[in-house]
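Dear colleague,

Please find below the structure that I am handing over to you. The findings follow directly after it, grouped by region.

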Amino acid sequence: MRINKLFGTALAVALASTLALSGCGEQEKQLIRMSHSQIETHPDHLGLVAFKNYVESKLGDKFEIQIFPNATLGANEKVLELIKQGSVQYLVVSTANIESFDPIYSLFSIPYIFTSEKAFENFITNPEILEQLSVNSDKNGFYPVASFTAGTRNFYAKTPIRSVSDIAGKKFRVQAGPTNVAMMQAFGGAATPMSFGEVYSALQQSVIDGAENNELALTDQKHGEVCKYFSYDMHQMVPDLLVVSKKFYDGLSADEQKVFDEAAKEAEKAEFAAWHKRVGEAKKQAEEMGVEFINVDVNEFRNKVLPIHQELLNKTPALKPLYEAAEQANQAQ
């Protein structure tokens, strides 16, 4: 496929590493920086470890890969700018963070666009879908090269959510983007976009009443210490994408591109395997923290937001082919 200060310190360290390599008697290696916002036990990180191992096993004489977890290089929106410049080469980022750059990625923010997790996974791992998402890569400055599953997004809060009415008047953290704001309005709640790293303190201080994410947020980010109710409304299935700097990728030889593309697929496989294992573990751990998991009437929630589908298609006609492909993926299950 053709496919803050803290940041300054981290990048300076990375650049120093590059200079150190060039100053020794060995062949100079190019430093590849990979960024993500999760902890080092998260499936996203494990996927990048698989990527690193694959590339260095094939091209270790030319490239050294460093992985920066926990948003060490900055928030995703900031790193996307660095990706465009080519100073960071790879980033794992939610499509919700990309849609402000390119509306075509808002497809995944459409609530209930997928009817099953299986249909979602088949859709995001289809190479043709990544090709379609790459349509504006010249402008964006990056290519999506692999998809990571992030399961289903659900509401969790300090009080039980058993029906849509339990959301009314409450403030929920959502990922940035107009679609998420519209979704919360349809549910009768108030959308409060904020950085993922700010959610725990916002919950503690009652700035927000709850949030929406997958089960790992309860354990990895310790949100289950504050929110004791997790409701399976399954309103969204939003992937994380591994994106590569166009400036970097286009500068590789054809043989090097092939290795990096293969590494992206290795990362995808590793992340999927780690995800499915980790979700079961996280749910058990959350229950030990006192979290109650609630099954709700999904159709009650879905019916509230279906009008958003047509509104978004009317606003962004370029979404229609991908929307239709998602429907086909649903029907295939």
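Helix α12 has 35 residues and spans 51 Å from its first C-alpha to its last, close to the 51 Å expected at 1.5 Å a residue. Please bear in mind that this is a predicted model. Just after α12 comes Gly290, which takes a positive phi of about 100°.

Helix α12 (254-288) is also one of the elements against which the buried residues of α5 pack; the others are α6 (127-133), β4 (142-148) and α14 (320-331). The residues of α5 concerned are Ala119, Phe120, Glu121, Phe123 and Ile124, which are its buried residues.

Next, the open sheet. Its six strands follow the order β7-β6-β8-β5-β9-β11, and their pairing is mixed. The edges are formed by β7 (190-193) and β11 (292-295), each of which pairs on one side only. From one strand to the next, the twist averages 35°. At one end of this order, β6 (residues 171-174) pairs with β7 in the parallel sense over four bridges. Within that pairing, Arg173 stands opposite Thr192 in β7. Helix α8 (residues 178-187) lies across β5 (153-157), β6, β7 and β9 (229-236), and runs at about 155° to β7.

How many residues of strand β3 (residues 90-94) are buried? Five of the five are, so the strand is largely enclosed by the rest of the structure. Tyr90, Val92 and Ser94 point one way from β3, while Leu91 and Val93 point the other way. This can be set beside a general rule: in a regular strand the side chains alternate between the two faces of the sheet. In β3, the residues pointing either way are all buried.

Two other strands pair with β3. Strand β1 (residues 30-35) runs parallel to β3 and is joined to it by two bridges; here Met34 stands opposite Tyr90. Strand β10 (residues 240-245) runs antiparallel to β3, with five bridges between them. In β10, the bridge partner of Tyr90 is Val244.

The structure holds 19 aromatic pairs. Which kind of pair do Tyr90 and Phe248 form? Their ring centres are 6.1 Å apart and their planes stand at 70°; an angle over 60 degrees counts as edge-to-face, so this pair is edge-to-face. Because Tyr90 lies in strand β3 and Phe248 in helix α11 (residues 246-250), the pair ties together parts that are 158 residues apart in sequence. Tyr90 has a relative accessibility of 1% and therefore counts as buried. Phe248, at 7% relative accessibility, counts as buried too.

A second pair, Tyr156 with Phe230, is stacked, with 6.0 Å from centre to centre and 5° between the planes. This pair likewise links distant parts of the chain, since Tyr156 is in strand β5 and Phe230 in strand β9, 74 residues apart. Both Tyr156 and Phe230 are buried.

Finally, two backbone details in loops. Most residues other than glycine have a negative phi. Ala71, although not a glycine, has a positive phi of about 55°. Ala71 is found in the loop between β2 (63-68) and α3 (76-85). Tyr112 is another residue other than glycine with a positive phi, near 60°, and is found in the loop between α4 (95-98) and α5 (117-124).

Are these two residues buried or partly exposed? Ala71 has a relative accessible area of 24% and is partly exposed, whereas Tyr112 has a relative accessible area of 5% and is buried. The cut-off that separates them is 20% relative accessible area, under which a residue counts as buried.

With kind regards

Notes:
Residues numbered from 1 in each chain as written. Predicted model: local features only at pLDDT ≥ 70, side-chain atom pairs only at ≥ 80, totals over all residues. Heavy atoms only, no water. Pairing = 2+ DSSP bridges. Axes fitted to C-alpha atoms, helices over the stretch in contact; angles between N-to-C directions. Contact = heavy atoms within 4.5 Å. Buried < 20%, exposed > 50% of the residue type's maximum accessible area, 1.4 Å probe, protein only. Phe/Tyr/Trp six-rings, centres within 6.5 Å; stacked < 30°, edge-to-face > 60°. Expected span 1.5 Å × (residues − 1).
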